[in-house]
Amino acid sequence: MSETVERHEFGAEVGRLLDLVVHALYSDREIFLRELVANAADAMDRRRFEALTQAVPALPEGAAIRITPDKAARTLVIADQGIGMTKEELAKNLGTIARSGTRAFTQSLADAKPGERPSLIGQFGVGFYSAFMVAERVEVVSRRAGAEEGWAWASAGQGDFTLAPASREEPGTTITLHIKADAEEFLEPIRLQTIIRKWADHITVPITIAQDGKDEPANEGTALWRKPKAEVTEEQYAEFYRHVAHAFDKPWATLHWRAEGTTEFAALLFIPGMKPFMPVEGDRDSRVRLHVRRMFITEEAALLPPWLRFVQGVVDTEDLPLNVSREMLQSTPALARIRKAVTGRVLSELKSKAKDAESYAGFWENFGPVLKEGVWEDNEYRKDLAPLLRFRSSAVEGWTSLPDYVARMKEGQEVIYILVGDDPEALAKSSQLEGFRARGVEVLLLSDQVDAFWPERLDRFEEKPIRSITQGSVDLSKIAGAEAVGEAGDVTTLLPLLKAALEGEVSEVRATDRLVDSAVVLAAPEGGPDLQMQRLLRRAGRSFGAGLPVLEINPRHGLIQKLAGMEGDLKAEAGTLLDLARLQDGDVPRDPAGFARQVAALLTTSL
């Protein structure tokens, strides 16, 4: 072997991945062509844009993706004139697996049903490796636009790959698949034509297939978003969605319209039907593609706010120059108007779709936490988003909304009550709810991380304050039918004894009428962060400013009444009460080992 050839191991677990791709996806082999063609189209788009903004050679006239089957050599060649790759980019892009991580992908692939597997490939960004479903060896020759040298990447999918210098007359990438004996159907031009029509007909880059010595057009290449809605079928929408979103599910909503007036643009947007495996919580940038007069410019124009980043699609305008730079994009008034119009249109669609509770519930489970971010960070749209929020509740099954909650509020109830935590099942059983549930007062249960933040910004809905039931004291006496349950004992002498015993650990000890079965509960001081926010601050090492908690005791509980009759030092008993309250809220006792010994001793005595 030449000394210039370098051998590299694949990134961790890629061997396992390739085995799964080859065997687990066997029945869906044709998608390899869709994935490779989509990658080539993206490379052409990137070169076109960089040629407008950087010192990169422009795409030549008649640039296309050329597919060449050779039955005699049993090879399939896919060549583009796109941006190309450097040696480092070849190693990075073809030697490791997507940002989402190999382990998550391989586990999902192994567990998935056959009908779900194509969507896994698209969502994890590992489409290139689908080539090994049909090829026993894959060779890639690429030359970066603006560079003189080319590089060759080659692998048999057995755990390693090679890199070597190579020559290519022009920038771009050529992929050569050495087709397996049982995959020769993919050397038939008619079969290839059918696959392109099915999966890539609306890629705007021309695609050709070599047949009888000629390059025959394989795709329509129409800008689908420029067509009238009446001329587009559901199948065409679905195909275009799969292309632009790199997914294989069906869109939950399709928005296709043309805006006219001060700023004109055409838009074709999709809300996915399922949550992608590559988390939307990580990269917060919207990736809706900006086109100018049908030409792709960038997917980094931030056409939608971060809290709508799950929306996929294209916006095409006549009102920007073709050589628009990223700096211009941030300041141009025309683009600001487009952003506002597109955001408003998506919100209108969500409001309309929310009328179908069952369908909207599926969307909410996929993207609800992302949408909530807008309530926290976007003052302009906060009030528009509030009715779109959905919650679990202490009083009703399934999801409910703020308007529905307000409609169910009891006479005399002036506050929307919420309880925030990590686990929805644990919240539903929380002792914090006892008094509310006994009095028929509904509490909304919030368990997403962002729930610790946004209620403070929204503050109120329909003039009703939103308040965490763990924050400050709660007075239920004004609510119709909310009388306390049971007879309270006299704890006036007990309260100062407990407070003295817990000095430095609690800010206050007080009686409460919001408990029924539990003896104690914790609350946050008035005006400070609620208990969930305090937990998040402690995990982040930023608990300063949270203040000490309040210990609330139930004067109707037998244990409290018994303690009220005792005299002397109650330090041990007070500590046990505080540990019980911490446990109920999902925290650990102050001294877990000591608490365990104490419980064991009590059990021994009782037995």
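Colleague: In which sense do S16 and strand S19 pair, and over how many bridges?

Modeller: Start with the general idea. Strands of a sheet pair through backbone hydrogen bonds, either parallel or antiparallel. In this predicted model, S16 and S19 (residues 464–468) pair in the parallel sense, over three bridges. Tyr 417 stands opposite Arg 467 in S19. S16 also pairs with strand S17 (residues 444–446), again in the parallel sense over three bridges. There, Leu 419 faces Leu 445.

Colleague: Which way do the side chains of S16 point?

Modeller: In a regular strand the side chains alternate between the two faces of the sheet. Here, Ile 416, Ile 418 and Val 420 point one way from S16. Tyr 417 and Leu 419 point the other way. All of them are buried.

Colleague: Why is S16 described as largely enclosed by the rest of the structure?

Modeller: Count its buried residues. Five of the five residues in S16 (residues 416–420) are buried, so the strand is largely enclosed.

Colleague: Tyr 417 turns up among the contacts of Phe 436. Is Phe 436 buried or exposed?

Modeller: Buried means under 20% relative accessible area. Phe 436 has 0% relative accessibility, so it counts as buried. The residue is found in helix H14 (residues 434–438). Leave aside its neighbours within four places in sequence, and its contacts are Tyr 417, Val 441, Val 443, Ile 469, Val 474, Leu 476 and Arg 514.

Colleague: Now the open sheet of five strands. What is its order?

Modeller: The order is S10-S11-S14-S12-S13, with mixed pairing. Strand S10 (253–259) and strand S13 (295–298) stand at the edges. Each has a single partner strand, so one side of each has no neighbour in the sheet. Neighbouring strands are turned by 20° against each other on average, direction ignored. S10 pairs with strand S11 (residues 265–271) in the antiparallel sense, over seven bridges. Within that pair, Thr 254 stands opposite Phe 270 in S11.

Colleague: Which helix packs on this sheet?

Modeller: Helix H2 (residues 31–53) does, touching strand S12 (289–292) and S13. The direction of H2 makes about 75° with that of S13.

Colleague: On to charges. How many salt bridges are there?

Modeller: Side chains of opposite charge can pair when their charged atoms come close. The count here comes to 37 salt bridges. One of them joins Glu 184 and Arg 74, at 3.7 Å from N to O. This pair links distant parts of the chain, 110 residues apart. Glu 184 sits in the loop between strand S7 (172–179) and helix H6 (189–199). Arg 74 sits in the loop between strand S2 (65–70) and strand S3 (75–80). Glu 184 is partly exposed at 39%, and Arg 74 is partly exposed at 27%.

Colleague: What is the N to O distance for Arg 510 and Glu 508?

Modeller: Their side chains meet at 3.5 Å. Arg 510 counts as buried, at 15% relative accessibility. Glu 508 counts as partly exposed, at 32%. Salt bridges also link Asp 42, Asp 45, Arg 48 and Arg 289 in a network.

Colleague: Which residues form a nonpolar patch on the surface?

Modeller: Leu 559, Leu 580 and Leu 583 form one, with about 210 Å² of accessible area together. Leu 583 lies in helix H19 (residues 571–584). This leucine is partly exposed, with a relative accessible area of 38%.

Colleague: And the protein as a whole: how many helices and strands?

Modeller: There are 20 helices and 22 strands. Of the 607 residues, 52% count as buried.

Terms used:
Residues numbered from 1 in each chain as written. Predicted model: local features only at pLDDT ≥ 70, side-chain atom pairs only at ≥ 80, totals over all residues. Heavy atoms only, no water. Helix = DSSP H or I, 4+ residues; strand = E, 2+ residues; numbered from the N terminus. Buried < 20%, exposed > 50% of the residue type's maximum accessible area, 1.4 Å probe, protein only. Contact = heavy atoms within 4.5 Å. Pairing = 2+ DSSP bridges. Axes fitted to C-alpha atoms, helices over the stretch in contact; angles between N-to-C directions. Patch = residues over 30% accessible without salt bridge, like charges linked within 9 Å, V, L, I, M, F, W, Y side chains within 5 Å. Areas by Shrake-Rupley, 256 points an atom, 1.4 Å probe, with all protein chains shown as cover. Salt bridge = Lys/Arg side-chain N within 4 Å of Asp/Glu carboxyl O.
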